[in-house]
Amino acid sequence: MSDYTALYPALSTVLSHIEASIQAEQIFCSIVTEMTYLPAFKDQPPLRQLHRENYETSYHRNTAAGNLQRFLTGSGSSEERLILMTVECLLETHEHDRKAEDYLSQMKPASSADARWLEAAGKWHKRRKQHLKHAARTLRAAIGETLWSKGAALVT
């Protein structure tokens, strides 16, 4: 594929899904950070790990969005490289989301009020994952298996 202009509509949709995922992540990160100040959660090791995973999920989501913005505005140095890097970012984000979900599931509430914090965090985590999944499916369908596999090979 040498002319990527046909991808603009699909990549615009992918970017919209990533932006929605980032918005959900912002709320998720806010909830998780606030939980670090709550006595019921602040000393739980899974919360510290979850907080660390959020640095990774935020980095990769934001990088994917930046890649697509550069592609769509024509300010990227290599259209193919930006697409491949976006695939890599989506896959990396998915993996860190999975780890975050595992840590979230390990947290134990001491009361029903504490359980509501976990429910709220779970709701926003689910939203950030859903939008990411839609972005990945849309991108994969638009670029085909050859480019998708080439991008997946960048994952370390």
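This is a predicted model: local features need pLDDT of at least 70, side-chain atom pairs count only at pLDDT 80 or more; totals for chains, interfaces and linings use all residues.
**Entry 1: the overall fold**

I counted the elements and found 4 helices and 0 strands in the protein chain. My notes take helices (H or I, at least four residues) and strands (E, at least two) as DSSP runs, numbered from the N terminus. From the N terminus on, the order of elements reads α-α-α-α. I number residues from 1 along each chain as its sequence is written, and side-chain values use heavy atoms, with hydrogens and water left out.

Next I looked up the dimensions: the C-alpha trace spans about 55 × 25 × 25 Å along its principal axes. I also checked burial, and 38% of the 156 residues count as buried (buried is under 20% relative accessible area, exposed over 50%, partly exposed in between, with a 1.4 Å probe and protein chains only).

Then I turned to contacts, meaning heavy atoms within 4.5 Å. Among contacts between residues at least 6 apart in sequence, 80% join residues at least 24 apart.

**Entry 2: how the helices pair up**

A reminder to myself: two packed helices are described by the angle between their axes and the distance between the axes. The axes are lines fitted to C-alpha atoms, for helices over the stretch in contact, and angles run from 0 to 180 degrees between N-to-C directions.

I began with α1 and α2, which pack at an angle of about 155° with their axes 9 Å apart. What does that angle make of α1 and α2? They are therefore roughly antiparallel to each other (angles under 35 degrees count as roughly parallel, over 145 as roughly antiparallel, 65 to 115 as roughly perpendicular and the rest as oblique). I also noted that α1 passes α2 in a left-handed crossing; a crossing is left-handed if the near helix is turned anticlockwise from the far one by less than a right angle, and right-handed if clockwise.

Moving on, I looked at α3 (residues 79-106) and α4 (residues 112-152), whose axes are 8 Å apart at an angle of about 150°. So α3 and α4 are roughly antiparallel to each other, and their crossing is left-handed.

**Entry 3: Gln 44 in its loop**

I found Gln 44 in the loop between α1 (8-35) and α2 (45-73). Is Gln 44 buried or exposed? Gln 44 is buried, with a relative accessible area of 13%.

I then searched for polar contacts (pairs of N or O atoms within 3.5 Å; within protein, one must be able to donate a hydrogen and the other to accept it, and residues adjacent in sequence count only if both atoms are side-chain atoms). A polar atom of the Gln 44 side chain lies 2.8 Å from the backbone oxygen of Ala 40. The Gln 44 side chain also reaches the backbone oxygen of Lys 108 at 2.8 Å. Leaving out residues up to four places away in sequence, Gln 44 touches Gln 106, Met 107 and Lys 108.

Gln 106 is partly exposed at a relative accessible area of 35%. Its side chain makes a polar contact with the side chain of Asp 102 (3.0 Å). Beyond four places in sequence, Gln 106 touches Gln 44 and Pro 46.

In the loop between α3 and α4 I stopped at Pro 109, which counts as partly exposed at 39% relative accessibility. Pro 109 and Pro 39 are 70 residues apart in sequence, yet 11 Å apart in space, C-alpha to C-alpha. Not counting residues up to four places away, Pro 109 touches Phe 41, Asp 114, Ala 115 and Leu 118.

**Entry 4: Asn 54 and the cysteines**

I picked Asn 54 in helix α2 and found that it counts as buried at 4% relative accessibility. Among the residues that Asn 54 touches are Phe 28, Cys 29 and Arg 128.

Cys 29 is buried at 17% relative accessible area, and Cys 89 counts as buried at 6%.
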